Amino acid sequence: MTPFERIVTEHGPVVLRVCRAVVGPVDAEDAWSETFLSALQAYPRLDPTANVQAWLVTIAHRKAVDITRARARRPVSVEQVPERPAVDGVPREPDPVWAALRELPDKQRQAVAYHHIAGLPYREIAEIIGGSTDAARRAAADGIARLRATIGTEEAMP
Amino acid sequence: MTEARESTAPDEALERLHARLTVAAERDGLLDVAYRTVDTPVGSLLLAATEQGLVRVAFPGQDHEAVLTALAEQVSPRVLAAPARLDAVSTQLDEYFTGNRREFDVPLDFRLSKGFRRAVLAHLPRIAYGGTESYAQVAAAAGSPRAVRAVGTACATNPLPVVVPCHRVVRSDGSFGGYAGGPEAKRTLLTLESG
């Protein structure tokens, strides 16, 4: 089998972009860390013919769902989310693309991330998020259409 | 999302995440093989360790990627660049190459070497720093006086060169003989030890 280090080098950047799109910039690093730790744990038993990227996105999806549920359980109910300190000390404006992504229904946001960022075919996306291949394709198309409408430019393509 | 919009520079974030992954992997007992490289007078050495100890040292000419792939096959595919586990041996290698250390004191994992080859490797640290033995002397010391060629093979396939000093085994006519790290590396090590 390929040393796991090579899996991290090859797929780490894409999985991080997927995590940022699905759970947002603040929770993305936790999602990435939990995904790769889980993947490392299961890696020796992975079918050598498996599509590694699809496997990682499947794990990332489960971690993202866990994180989203945990966040929903947090007893915080405020009009304005408190400002968070920048992790690298550089203050910045909130990310407009994430703001637009956050407004999408979960399935649309996931389908957009898994297809347009991870490059997975709709058949595999359907297996990850549930539902049919056509439903996954529609969710991604609807998501992109809404992102374009919200942001108003071609740049909305993640 | 364009790169400029990423909340932090992606390389920096990935570097931090990689470090966090190796710490968590070590904590959870999932870091089966940790590795790093160190620059030395005999080139960039790859060092790899299991939880038991140092399992592999490889010279630059031995193709580090191929060595890591072999470790993934022979030990475990849970292989990560994780320097912390190699801190002690890296420090000791620095001391050795600056002439301030004569023997290594780190746990060793001999699982990549079996049978007679392992018996040969077990003998090598008994050859004193600065001294040498012939292939025939090592064969006798390892209990098979006629297995001179097998001693040559054991040295050539030593998974822990430098630390397990196969460079101290030379031909009976005094010439250096072969070396996995190349003749220049063997000369460098023997010259260092004779200084």
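User: Is B:Val162 buried or exposed?

Analyst: This is a predicted model, and in it B:Val162 is buried, with a relative accessible area of 1%. Burial is called from a cut-off: a residue counts as buried under 20% relative accessible area and as exposed over 50%.

User: What is the phi of B:Val162?

Analyst: As a general idea, most residues other than glycine have a negative phi. B:Val162 is not a glycine, yet its phi is positive, about 75°. The residue sits in the loop of chain B between α6 (148-156) and β6 (169-170).

User: Which phi does B:Asp63 have, and where in chain B is B:Asp63 found?

Analyst: B:Asp63 also has a positive phi, about 60°, without being a glycine. Its place is the loop that runs between β3 (54-58) and α2 (64-74) of chain B. B:Asp63 is partly exposed, at a relative accessible area of 44%.

User: Now the sheet. How many strands does the open sheet of chain B have, and what is their order?

Analyst: The open sheet in chain B has four strands, ordered β3-β2-β1-β4, and its pairing is mixed. β3 and β4 (79-81) of chain B are the edge strands, each pairing on one side only. From one strand to the next, the twist averages 25°.

User: How many bridges join β1(B) to β2(B)?

Analyst: Strand β1 (residues 33-40) of chain B is joined to β2(B) by seven bridges, and the two run antiparallel.

User: In which sense do β2(B) and β3(B) pair?

Analyst: The pairing of β2(B) with β3(B) is antiparallel and covers four bridges. B:Ala48 has B:Arg56 of β3(B) as its bridge partner. These strands form a hairpin too, with four residues between them, and in this hairpin B:Gly53 has a positive phi near 160°.

User: How many residues of strand β2 of chain B are buried?

Analyst: In a regular strand, the side chains alternate between the two faces of the sheet. Strand β2 (residues 43-49) of chain B is mostly covered, with five of its seven residues buried. α2(B) lies across β1, β2, β3 and β4 of chain B and runs at about 10° to β2(B). Helix α3 (residues 87-97) of chain B packs on the sheet and touches β1, β2 and β3 of chain B, its direction making about 20° with that of β1(B).

User: Last, a helix pair. At what angle do the axes of α1 and α5 of chain A cross?

Analyst: Two packed helices are described by the angle between their axes and the distance between the axes. In chain A, the axes of helix α1 (residues 4-23) and helix α5 (residues 106-117) cross at roughly 160° and come within 9 Å. α1(A) is therefore roughly antiparallel to α5(A), a term that applies to angles over 145 degrees. The crossing of α1(A) past α5(A) is right-handed.

User: Which residues make the contact?

Analyst: α1(A) supplies A:Val14, A:Arg17, A:Val18, A:Ala21 and A:Val22, and α5(A) supplies A:Arg109, A:Gln110, A:Ala113, A:Tyr114 and A:Ile117. Sorted by class, the contact of α1(A) with α5(A) has seven nonpolar residues, one polar and two charged.

Conventions
Residues are numbered from 1 along each chain as its sequence is written. Chains are lettered from A and ligands numbered from 1 in the order in which they are written. This is a predicted model: local features need pLDDT of at least 70, side-chain atom pairs count only at pLDDT 80 or more; totals for chains, interfaces and linings use all residues. Side-chain values use heavy atoms; hydrogens and water are left out. Axes are lines fitted to C-alpha atoms, for helices over the stretch in contact, and angles run from 0 to 180 degrees between N-to-C directions. Angles under 35 degrees count as roughly parallel, over 145 as roughly antiparallel, 65 to 115 as roughly perpendicular and the rest as oblique. A crossing is left-handed if the near helix is turned anticlockwise from the far one by less than a right angle, and right-handed if clockwise. Contact means heavy atoms within 4.5 Å. Ala, Val, Leu, Ile, Met, Phe, Trp, Tyr, Cys and Pro count as nonpolar, Asp, Glu, Lys and Arg as charged, and the others, Gly among them, as polar. Buried means under 20% relative accessible area, exposed over 50%, partly exposed in between (1.4 Å probe, protein chains only). Two strands pair if DSSP finds at least two bridges between them.
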